[in-house]
Amino acid sequence: MKAVIYARYSSDNQTENSIEGQLRECKEYAERHNMTIVTSYIDRALSAKTDDRPEFQRMIADSAKKQFDVVLVWKLDRFSRNRYDSATYRAVLKRNGISVVSIKENISDGPEGIILEALLEGLAEYYSAELAVKIRRGQKDNALKGKANGAPAPFGFRVNAEKCYEVDPLTAPIVLEMFTRYADGQTAREILDDLHSRNAFTGAKHGFKHRSAFYGLLKNRKYIGEYRFSDTIIPDGMPAIVPQEIFDCVQKRTEQNKHKPSSKKADNEYILTTKLFCGRCGAMMPGTGGTSQMGKAYHYYKCGNALYKKSCDKKAVQKDWIERLVVEMTQNHVLKDDVIDKLAVLLLELHNKENTLIPHLKKQLADIDKRIDNVIKSIEEGVSGSSVKNRLTELEVKKADLEIAIAKESIAKPPLEKEKIVFWISRFKDGNIDDPAYRKSIVDIFINSVFLYDDELVIGFNWKDGTKKIKLSEFEKAVKATGKGKNKGSYLEHYPRAENLGTQYFSDPKGC
C-alpha cells in the first residue's frame, strides 16, 4: 500500500521539531503496517483553521493522479481544524480512492468510528476557537497596558523584559533619518538606495526591499508614540522616535504624491511636476496640454484647483517659458563661482558627519559571535549532528557578511576634497538649455520648489538658509550679457498674466 505523509505545525509555540516528530512517527507507523511512503507534504507555520495551505492543496491536487492510497497524519487536527473543510477535502480524497489515517487516534471503520472522528474534529475546532478568544482577550489586556502583543517590534523599536516597547538606540536614528529626508523632499527611491548601499537594514526582518514597506513605515503612528491594537488607541502609549511636526509634514507629502499627476503627457516631459505651485492658493500646478483647431499642440502648467475644482482663477503658464526661466535663473544666480564654493563647503560638512550605522553593525556582529560560541560549546559537550553543523556554518556565513558590511561602511565615504565637489557642480555651468536632459538635471538636482505668483516667482533650492532678490529687468540684462538666454524677446511676452513681473526671490546658501 502506498502512502503519503501530511505534516503541519502552526505558529503558536511549535517549532521545526514538531515536523520532525510527526514525520518520524508516521514513518514508524507505515513500517509496522507494511506501507510504502511515496512522499511528504509539509506546511510550516500555517494554521489548519484555513485551507489556504500550499502543500495541503498540492496534496489534494496530486490525489487525482491516484499514485497513493493513504494520507497519514499524526492527528486529525494536523489535517484540519475546520469541520467543513475536513469533510469537503476528505470527500475529495475518498472519490479518488484515498483514505485519511490518524496514527495517534485509534478510530475504527464502523459507525462508532465516524462519530468519534466527528467528535475529534469538533473538539479540534472548538479548541481553536476557544484559543483565539483567549488570545484576543490577552492581547486586549496587553494593549491597555501598552505591552507588545507578540508581533515583531517595528524597525527602530525593541521589546524589553517587561514586554514593553522601547527605543532601539542603534536603529531609531535610521528611522528618524528616513522621515527627515523624506520631509526634506528626497524620494523614496533615493533614500532606500542610499540606506541599502550603507547596509542600514542588515538584520531587519523585511529589509525594506520594496517601497511599499517604506511607505508603510512612514504611516506608522507608533513612531510618534501612539499605541494601536485593533480598536484600542492609546496616545503616548509608547516612546516616540519622530517629532510630531516632521511626521505631519511627511503625511502631507505622501498625500500629495498619492494624487500627483503624471510627469509625462503627450510625449512631453513636464520636469516641474510636483515642484511648481500656485502662488494664489498653494496647489500643485500639473502639466496639461491641448490641441488648437489648426492641430497645433500646446503645453502648459495649470493650478490643480483651477484645473479640477474650478476654485482658483490662476491662469495657465506656458511649459517652455517657465521651465526655461527656472533653469536660466539657476544658471545665472546659483551656478556662479562664489555660490558653488559655498555649496562645496556645505556638502563637505555633510559628507564628514559621523557614521551612525557602524555601531549597529558591530552590535549584530557581537551577537553572532555569542551564538557561535554557544554552538561550539554544545559540540564540545557532545551534541552533534548535521543540524548543529549546518547552524554553525550558517552563523559563520552571517558573521562574514557582517564583517564585509562593516568594512564597506568604513570605506563607503572616501575622503572628498572641496576641489572635487567644485569641479562636479561646475559641470552644469555651461550646459545647453535646449537639451531636455540638461534641463531635467538642473531641476532634479538644484530645485526644491517654485511658487508662481502674478507678479513674482519664488524659487526654493535644495538647501537651507538665505534669500536673494533680483528684478526681472536686471535678470534679462544679465542673460543678454552672458548670451545664455535662448528666449526671443522679453520674458514678459511669454507669460499670460505677467505684464508687470517684478521682484524675483531666490533661496541660496548662507545668504550668498
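Is K65 buried or exposed in this structure? K65 is exposed, at a relative accessible area of 56%; here exposed means over 50%, buried under 20%, and partly exposed in between, computed with a 1.4 Å probe on protein chains only.

Good morning, colleagues. This is a predicted model, in which local features need pLDDT of at least 70 and side-chain atom pairs count only at pLDDT 80 or more, while totals for chains, interfaces and linings use all residues. Residues are numbered from 1 along each chain as its sequence is written, and side-chain values use heavy atoms, with hydrogens and water left out.

I begin with the partner of K65. D62 forms a salt bridge with K65, and the closest N and O atoms are 3.5 Å apart. A salt bridge here is a side-chain nitrogen of Lys or Arg within 4 Å of a carboxyl oxygen of Asp or Glu.

In general, an α-helix has 3.6 residues a turn, so residues three or four places apart point the same way. Helices (H or I, at least four residues) and strands (E, at least two) are DSSP runs, numbered from the N terminus.

The side chains of D320 and R439 meet in one of them, at 3.2 Å from N to O. This pair links distant parts of the chain, for D320 is in helix α11 (residues 319-333) and R439 in helix α16 (residues 436-446), 119 residues apart. D320 is partly exposed, with a relative accessible area of 36%, whereas R439 is buried, at 8%.

Which parts does the pair of R324 and D434 tie together? R324 lies in helix α11 and D434 in the loop between α15 (418-426) and α16, so the pair ties together parts that are 110 residues apart in sequence. The closest N and O atoms of R324 and D434 are 2.4 Å apart. R324 is buried, with a relative accessible area of 9%, and D434 is partly exposed, at 41%. Salt bridges that share partners join K319, D320, E323, R324, D434 and R439 into one network.

K222 presents another case. K222 lies in the loop between α8 (211-219) and β7 (227-229). K222 is buried yet has no salt bridge, and the nearest side chain of opposite charge, E226, is 8.8 Å away. For charge, Lys and Arg count as positive and Asp and Glu as negative, while His and the chain ends are not counted. Leaving aside residues up to four places away in sequence, K222 touches P154, F157, Y165, R228, M238 and P239; contact means heavy atoms within 4.5 Å.

Next, the cysteines. How many disulfides does the structure hold? The structure holds 0 disulfides, a disulfide being a pair of cysteine sulfur atoms within 2.5 Å. The sulfur of C278 is 3.8 Å from the closest cysteine sulfur, in C281, which is too far for a bond. C278 is buried, with a relative accessible area of 0%, and C164 counts as partly exposed at 22%.

Finally, the strands. Two strands pair if DSSP finds at least two bridges between them. Strand β1 (residues 2-9) is mostly covered, with 7 of its 8 residues buried. β1 pairs in the parallel sense with strand β2 (residues 36-44) over 8 bridges, and A7 stands opposite I42 in β2. β1 also pairs in the parallel sense with strand β3 (residues 70-73), over 3 bridges; there, the bridge partner of I5 is L72.

A separate topic is the antiparallel pairing. An open sheet of 3 strands has the order β12-β13-β14, with antiparallel pairing. Its edge strands are β12 (287-291) and β14 (317-318), each of which pairs on one side only. Strand β13 (residues 297-301) and β14 pair over 2 bridges, and the partner of Y300 in β14 is Q318.
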